[in-house]
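Subject: Structure handover

Hello,

Here is the structure I promised to pass on. Please open it first, then read my notes below.

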Amino acid sequence: MFRTATDNIGSLITFTLRKDRVRIPLWLIGIIFFTILIPVALDDMFPTQDERDVMAETMANPAVTAMVGPGDIENYTIGAMTTHNMLLFTAVVVGLMSILLVIRHTRTEEEDGLSELILALPVGKLANLNATLFVLTVTNIVLALVSGFSLYALGLESMDFEGSLLYGVALGSTGLFFTGVAAVFAQISESSRGATGLSIAVLLLAYFIRAIGDVSNETLSLFSPLGLVTQTEAYSANEWWPVLLLVGFSASLFLLANYLNAIRDWGAAFLHARAGRTHATRFLQSPIGLFFRTQRTAFISWAISMLVLGMSYGSVMGDLESFFQGNELLEEILIAEEGYSLTEQFIPALMLVMGILATVPPIMAMNKLIGEEKKNRTESILAAPVSRGKLLASNLIIAVFNGFIMISLSGIGLWLAAEAVMEDGFSFGTIYGASLVYYPAMLVMIGAALFLIGMAPRFTGLIWVYVVFSFISNYLGGLLDLPEWIEKLSPFGYIPALPVENMEWTPIMLLILVAAILITLGFIGYRKRDIEG
C-alpha cells in the first residue's frame with residue numbers, strides 16, 4: 001500500500017509527548033520560574049531610578065558587554081535591566097534544551113535501533129523527525145507565551161505587554177532556531193554524540209561571535225542568532241525584526257533537515273567516521289583507552305571552545321582601564337581592595353563563569369559510563385577480565401584529566417589575549433592561578449556525578465540541576481541578594497576570588513576531602529549494585 005512520508009505523524013507526536021511528559025515540563029517550569037524571579041528580585045534591590053542608574057554605570061563596560069550583551073544604559077528601567085542581565089543567558093539555556101530534546105528523539109533513537117522498530121509500523125519515513133519538530137515547536141511556543149504573559153502579569157513599572165511578549169518570543173524563537181540546528185546535525189552526523197557536540201559547538205560559536213561583535217563590531221553580532229536576540233531590545237526599542245529573522249532561519253533549517261532525512265538511508269549519515277585500524281592498539285584494548293577514544297571528538301571540541309572563550313574575555317581587558325579612568329562613581333563602587341586595579345576586580349567574575357562552564361565536559365565524560373550502561377554495552381566490557389572498580393576508575397581518570405585541561409585552557413586563553421591587548425598585562429601565574437583555584441570545586445562536582453552513578457543511577461541527571469544551581473547562587477547571588485549560606489551550598493561558593501582576595505588553603509583542602517568522600521562512596525555503590533539493562 002502506498003505510504004506518504006508523514007503517515008501516522010499524529011500517533012508519533014502523542015508517543016513523543018508521552019516519553020517526555022516529565023522532562024519537557026521540568027525544563028519549562030525551571031526556565032519560566034527563573035525568568036519571573038529575576039525582575040522581582042531586581043525590583044526589590046533597585047526600587048528607585050537613581051539606584052538603577054548607578055547600576056547602569058557599573059554595567060556599561062566592555063567586559064560586561066562581552067558577557068551579557070549590550071543594554072539600554074540610558075534608560076535603565078527594571079525591564080531594560082532584566083533584558084540586559086538575563087535575556088542572553090536564558091536564551092542559551094533554551095537553545096541547550098532544544099538541542100538535547102531533538103537529538104534524544106532523532107539520532108539517539110536511530111543509533112539505538114528504536115527508530116527502526118517504529119519504521120516497521122505503518123509510519124512515513126519523515127514522520128518521526130516531523131513529530132519531534134512539532135513537539136519542540138509547540139514547546140517553544142508555550143515557553144514564549146507563558147513567559148511573556150507571566151512577565152506582564154507581574155505588573156512592574158516599565159514592563160509593558162509588548163516588551164514582555166517580545167522577551168518571551170525572543171526566547172521561543174531561539175529555541176526554534178537551535179531545534180533546526182540540532183535536526184540538521186542529526187541527519188549529518190552518524191552518532192548522537194557527534195550530533196550533540198556539533199550542535200552545542202554552534203551554540204558556543206554563536207556566543208563567541210556575539211561577544212566579539214558586541215565589543216568591537218556590531219555588524220558581526222548580526223551573524224549570530226544570539227546577537228539577534230540581544231538586538232530585540234525588549235522593554236526599550238522593542239525591535240521585532242530579529243525575531244522574524246530567527247523564525248525564518250528556523251523554517252529553512254526545518255526544511256533542510258527534512259530534505260537530508262529524505263535522501264539518506266536509515267542509519268546512515270553524511271559525515272562518516274574514518275575507518276579504524278584492523279587491530280586495536282594496546283591502549284585501546286584497555287577501558288581507559290576505549291573511553292578516551294569514544295570521547296575524543298567531544299574533548300577536542302570543548303578544549304577549543306574553552307580556549308576561545310578565555311581569549312574572547314581576555315580580548316576586552318585592554319579597554320577596561322581607559323573606560324574606568326576618571327569615572328569617580330565607578331571607582332568608588334568597584335574598588336574593594338587597595339592595591340588592585342579595576343580590571344583585576346573583573347577577573348574573579350570571569351573565572352567563575354569559565355569555571356562553571358569548564359565543569360560541563362568532565363561531568364559529561366563521567367556520565368558517559370551510565371549512558372553506556374543503559375545501552376547494554378557495559379556488560380560486554382565486564383565480560384572481559386575487567387573489574388567494576390577498574391572500569392569506574394578509568395572513566396574517573398578521564399573526567400579528572402578533562403576538567404584539568406578545560407580550566408587550564410580557559411585561563412591560558414584569557415592570559416594570551418589580555419597580554420596582547422594590555423600595555424601592562426598580568427603575569428601568567430596570576431591568571432592561571434585564578435583559574436586553577438576552581439579545580440577543587442570541579443572535583444567535587446565530578447565526585448557528585450560519580451556518587452549518583454554508584455548510589456542512584458536513575459537520578460544522574462540531577463547533577464545538571466546542581467550545576468545550574470551553582471551558577472545561579474554564585475554568579476547571580478549578589479544580583480539576587482541571596483544569603484551567603486545559599487552560595488555555600490555549592491562548592492564554587494568556597495573558592496577565593498583571586499587575585500583580589502588572599503589565597504585560603506583550608507576551604508580548598510576541605511573541597512578535596514569532600515570530593516574524595518563522594519568518589520569513595522560512589523565506588524562502593526557501583527561495586528554493590530546491579531548493572532542496569
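In which loop does Tyr-235 lie? Tyr-235 sits in the loop between H12 and H13. More on that loop below.

First, the ground rules. This is a predicted model, in which local features need pLDDT of at least 70, side-chain atom pairs count only at pLDDT 80 or more, and totals for chains, interfaces and linings use all residues. Residues are numbered from 1 along each chain as its sequence is written, and side-chain values use heavy atoms, leaving out hydrogens and water.

**The whole chain**

The protein chain has 24 helices and zero strands. Both are DSSP runs numbered from the N terminus: helices are H or I with at least four residues, strands E with at least two. The chain has 533 residues, and 53% of them count as buried. Buried means under 20% relative accessible area, exposed over 50%, and partly exposed in between (1.4 Å probe, protein chains only). Among contacts (heavy atoms within 4.5 Å) with a separation of 6 or more, 77% come from residues 24 or more positions apart. The chain exposes about 23,600 Å², and carbon and sulfur atoms supply 64% of that. Accessible areas come from the Shrake-Rupley method with a 1.4 Å probe; for residues, only the protein chains shown count as cover.

**A helix pair**

Look at H8 (residues 127-153) and H13 (residues 241-263). Their axes come within 11 Å and cross at roughly 160°. The axes are lines fitted to C-alpha atoms over the stretch in contact, with angles from 0 to 180 degrees between N-to-C directions. So H8 is roughly antiparallel to H13 (the term covers angles over 145 degrees). On the H8 side, the contact is made by Leu-129, Asn-130, Leu-133 and Thr-137. H13 brings Phe-254, Ala-257, Asn-258 and Asn-261.

Most residues other than glycine have a negative phi, and most peptide bonds are trans.

- Tyr-235 has a positive phi, near 70°, and is not a glycine. At 6% relative accessibility, Tyr-235 counts as buried.
- Glu-233 also lies in the loop between H12 (225-230) and H13. Its phi is positive too, at about 50°. Glu-233 is partly exposed, with a relative accessible area of 34%.
- Leu-498 and Pro-499 are joined by a cis peptide bond, with omega about 5°. Pro-499 is in the loop between H23 (484-487) and H24 (505-528).

Best wishes

Methods: Parallel < 35°, antiparallel > 145°, perpendicular 65-115°, else oblique.
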